[in-house]
Amino acid sequence: MMRPLLILLMLLGSASIAQAQSSPAGESPAPARAYHLLREDDDWSFLADPAQRQDFWDPIKYIRLRPGRNDWFLSIGGEAREIWEQIGNDNWGQQPFMNGYFNERYMLYCDVHYGSHVRTFVELKSGLNSYRNGGPRPIDEKKLDFQTAFLEVGTGKERNWIKFRVGRHEMEYGSGRLIDVREGPNVRLSFDGFRVKSRIGPWHIDAFAVRPDLDKPGFFDNAPNHAVGFWGVYGVRPLAESITLDAYYLGLDRKTAAFNRGVGHEVRHSLGARLSRPVAQTKPGWDFDYEALWQFGSFGSANIRAWTAASEAGYRFTTVPLKPRFSAKADISSGDDPRTNTLGTFNALFPKGNYFGVIATAGPGPVNFIDAHPHVETALPHDVTVSVDCIFQWRESLRDGVYSVPGFLIIPAGKSNARFVGHRPGVEARWQANRHLWFQGDYGIFYAGKFVKESQSGRNLNYWALWAGYKF
């Protein structure tokens, strides 16, 4: 298994922490050294120049494969992550106990470039779970398997280019509100199928036809979920004043889909757009993220008409102590009225959980909901950040229930006509000790609202977690 190997590599790398942080006065680490959410996006080709090699791991980040050819190289990297999580009254008391457990994640990748036109990328994952009452969930444990494994053939890095990929993929688009790798849980999400990546003028356009991967707990026993098909086209282009436009079409076919009104075959099409501006880094300024989406299709003999709108606006004061950023989100997604022949429940597809606060694997998700979400974050000395937020949540439709983050119904409608689901304050503190090593602590409470209390026991849900991670 990968655990002993990665622990050994992490211990060796920790000896270089001081070296990795030290640099001549006035210099800062090159942006190319960033570790991306998708490690396939890391680019270490600049290490072809031996003078750029400063970090302990640089010798394995760029290994030349052909003399005199900088574009033939091998890159190796990975991560180790340890988490202690504790959840009390999961789903507000349907499971009335304190469930504490330890999650371990180990990942190791090998990225091989055979010139500028051919590439293979393989990433292994091992997610281990201990002490959880009821045993590990699919998002908690996967002994060993491929997280990513694809062959890429393309035209190179010209202004206009195209690349074809086949195999197993990770996908993350926009804010992660609809398509994300599921970074919070112990086992990340992957898809099997085909992808086409391209740049046409100012546009970066991806097209894909995939099936989500079914995570089984054993060794190399994952397989695509043949009951679910997922396809789409996603385009991104820059506009003026650091604004980015996303436009997309997404298709989903689920042979068996469950909603408050029942179970049936779902074929859903999503059309959406997003406008965003990044958080200010050097000068004080506004940032924002606005997205709207329309869904249509069929559910059994019924039609689908669903929608969502999301907004976030923030302002960061970069020239005052702690560099605070104040922001607020407001989101809404449609629910259903089973008296009609049209399913109105929004489908969040494959979202990230912590878009809606620190409670990423428990509590309600972005389906049939209205929320208001104020948020404050600060930057303390020694690369420590602290953020505090509070989410207030209501049902959009009083005739539809409350769904989890993955989209499973957890409280059906019918026992209460109340709209208010609850509110959840949370706090997160993170220390980026150096380029490789980080620590984090999360704490959140979901105070049950009137709908929850009238529908079931209605205990308050509480969650805390301690994280430690190392990337190379």
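Here, a residue counts as exposed when its relative accessible area is over 50%, and as buried when that area is under 20%. Keep those cut-offs in mind for the close-ups below, which come from a predicted model.

Figure 1. We start in the loop between β17 and β18 (384-394), where H382 sits.

Figure 2. N368 isn't a glycine either, yet its phi is positive, near 50°.

**Figure 3. R132 and its surroundings.** R132 belongs to the loop that runs between β4 (118-130) and β5 (142-154). Its relative accessibility is 15%, so R132 counts as buried. A polar atom of the R132 side chain lies 2.8 Å from the backbone oxygen of G135. Setting aside residues up to four places away in sequence, R132 touches N99, G100, Y101, R137 and D140.

**Figure 4. N225 beside R211, P212 and L214.** Look for N225 in the loop between β9 (223-224) and β10. At 18% relative accessibility, N225 still counts as buried. Which residues does N225 contact, if we skip its neighbours within four places in sequence? They are R211, P212 and L214. Although L214 and N225 are 11 residues apart along the chain, their C-alpha atoms are separated by 5.7 Å.

Figure 5. In soluble globular proteins, nonpolar side chains tend to be buried together. Here the largest such core has 27 residues, and M171, L178, I179, F208, F230 and L250 are the ones with the most contacts inside it. Two or more residues of this core come from each of β8, β10 (228-238), β11, β13 (285-299) and β14 (302-316). β11 gives the largest share, five residues. Zooming in on M171 and leaving out neighbours within four places in sequence, you'll find contacts with I179, D180, V181, F191, R195, F208, V210 and F230. A second, separate core has 20 residues, among them Y101, V358, I410 and F446.

**Figure 6. The largest cavity.** Rolling a probe the size of a water molecule over the atoms shows where empty space is left. The structure holds four cavities of 30 Å³ or more, and the largest has about 50 Å³ of space. Its lining is made up of Y173, S175, G176, R177, L178, I179, Y234, Y248, L250 and E291. Sorted by class, that gives six nonpolar, two polar and two charged residues.

**Figure 7. The second largest pocket.** This pocket holds about 1200 Å³ of space. It is lined by 43 residues, and those closest to its centre are I139, R182, P406, G407 and F408. At least two lining residues come from each of β8 (203-214), β11 (244-259) and β20 (409-411). Which element supplies the largest share of the lining of this second largest pocket? That is β11, with six residues. By class, the lining has 25 nonpolar, 10 polar and eight charged residues.

Key. Residues are numbered from 1 along each chain as its sequence is written. This is a predicted model: local features need pLDDT of at least 70, side-chain atom pairs count only at pLDDT 80 or more; totals for chains, interfaces and linings use all residues. Side-chain values use heavy atoms; hydrogens and water are left out. Helices (H or I, at least four residues) and strands (E, at least two) are DSSP runs, numbered from the N terminus. Buried means under 20% relative accessible area, exposed over 50%, partly exposed in between (1.4 Å probe, protein chains only). A polar contact is a pair of N or O atoms within 3.5 Å; within protein, one must be able to donate a hydrogen and the other to accept it, and residues adjacent in sequence count only if both atoms are side-chain atoms. Contact means heavy atoms within 4.5 Å. On a 1 Å grid over the protein atoms alone, a cavity is a set of points where a 1.4 Å probe fits but cannot get out, and a pocket is an open set with protein on both sides within 12 Å along at least five of seven lines; lining residues have an atom within 4 Å of a point. Grid points are joined across faces, edges and corners, and a volume is the space filled by probe spheres set on the points. Ala, Val, Leu, Ile, Met, Phe, Trp, Tyr, Cys and Pro count as nonpolar, Asp, Glu, Lys and Arg as charged, and the others, Gly among them, as polar. A nonpolar core is a set of buried Ala, Val, Leu, Ile, Met, Phe, Trp, Tyr and Cys residues joined through side-chain atoms within 4.5 Å.
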